[in-house]
Amino acid sequence: ALDNHDLRLVYQPQFDMRSGALSGFEALSRWDLDDHGPVSPEEFIPLAEARGLIRPLTEWVVNEACAQMALWQSLKLVDDHVTMGVNISPQHAQEEGFVSLIAAALARSRLPAVNLELELTESVMMEGIDKRLELINSLDQLGARIAIDDFGKGYSSLSRLAKLPVDTIKIDRDFLRGVPYSLRDCAVARSIIALGDGLNMQVLAEGVETTAQKVFLKEAGCQLVQGYLYSEPLTAAECVEFLKSRLNDANGSAQSNHAASE
Ligand code: C2E
Ligand code: MG
Ligand code: MG
């Protein structure tokens, strides 16, 4: 699929709840099969892992996503702080050469490391203490941001979490499904938000689909959101349209503020 250019990336926007500003994108892989239609990453990522193909796949994803964000930066379509999130397979993060692959993609694209956010799962963070700490510290030294994806699903040791240089905790969307009607799910979401707050980590809620969820999250103090309520994942071309229209809206409102103050 890589050789045939059948893989592509889509990008789902992430927003700051307080200001409404765009905070980042998450790059998500898509595989288009001629006679089958699109294959879900939930199907082909495990397959790539099993066949030992995850390294070239991640290499392609990271290079493509970094190049895309560097291009949007050079076109002044995004602010300096907007990040590009990339999902890293746990199996690959543990391989030799993983950190240099990330460093090479940053060097090639000239994307500042702070604009790249690596999404790792709890298992990568928590298993086999010393080796993981070394890996996460090397990624941190590169300057890349680190997010824990699907937080709440695994078995995080909270004392370890506090010691890791994690920038963002992504609340798993399973917990959001019950929000705001299930007391249990609300309690879990609130606890994760408080945990992130206390540890000085950003908290992002994934899979926000309804206004009721949005209202709950805002009230609970969640900083960042991503989900169909705001935007589905977009193709690169759709992202450019989306970014341009946001810029136009911002310029329009700046002009009308200016006119109003005159
Ligand atoms: P993830 O990293 O947790 O990504 C979020 C998933 O939730 C995406 O599914 C996204 O399309 C979906 N989503 C976003 N907003 C909503 C919403 O409001 N409601 C619902 N129901 N879903 C929403 P997608 O693109 O099918 O990806 C599934 C998983 O596959 C990802 O979960 C990630 O673990 C993995 N994946 C995707 N692309 C890659 C990749 O390039 N490399 C690796 N290693 N894994 C990838
Ligand atoms: Mg993710
Ligand atoms: Mg997730």
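Modeller: What follows is a walk through the metal site, then the ligand, then the cysteines. Keep in mind that this is a predicted model.

Start with the magnesium ion (ligand 3). Its protein donors are Asp149 (OD), Asp150 (OD), Glu206 (OE) and Glu206 (OE), and they lie 2.1 to 2.8 Å from the ion. Read along the chain, the donors follow the spacing D-D-x55-E. Asp149 belongs to strand β6 (residues 145-151), while Glu206 belongs to strand β8 (residues 202-206), so this pair ties together parts that are 57 residues apart in sequence.

Are Asp149 and Glu206 buried or exposed? Asp149 has a relative accessible area of 7% and is buried. Glu206 is buried too, with a relative accessible area of 11%. The cut-off needed here is that buried means under 20% relative accessible area.

Now turn to ligand 1. It is surrounded by 22 residues, and the closest are Ser29, Asn87, Arg173, Glu209 and Tyr228. A polar side-chain atom of Asp149 is 2.9 Å from an oxygen atom of ligand 1, and a polar side-chain atom of Glu206 is 3.4 Å from an oxygen atom of ligand 1. Tyr228 makes its contact through the backbone: one of its N or O atoms there lies 2.8 Å from an oxygen atom of ligand 1. Taken alone, ligand 1 exposes 800 Å², and the protein buries 86% of that.

A last point concerns the cysteines. How many disulfides does a search of the whole structure find? The search finds 0. A disulfide is a covalent bond between the sulfur atoms of two cysteines. To count as one here, the two sulfur atoms must be within 2.5 Å. For Cys186, the closest cysteine sulfur is in Cys222, 13 Å away, which is too far for a bond. For Cys239, the closest cysteine sulfur is in Cys66, and at 15 Å this is also too far for a bond. Cys186 counts as buried at 6% relative accessibility, and Cys239 counts as buried at 0%.

Key:
Residues numbered from 1 in each chain as written. Chains lettered and ligands numbered in written order. Predicted model: local features only at pLDDT ≥ 70, side-chain atom pairs only at ≥ 80, totals over all residues. Heavy atoms only, no water. Buried < 20%, exposed > 50% of the residue type's maximum accessible area, 1.4 Å probe, protein only. Donors = N, O, S within 2.8 Å, 3.2 Å for Na, K, Ca; no water. Helix = DSSP H or I, 4+ residues; strand = E, 2+ residues; numbered from the N terminus. Near = heavy atom within 4 Å. Polar contact = N/O pair within 3.5 Å; in protein donor to acceptor, adjacent residues only side chain to side chain. Areas by Shrake-Rupley, 256 points an atom, 1.4 Å probe, with all protein chains shown as cover.
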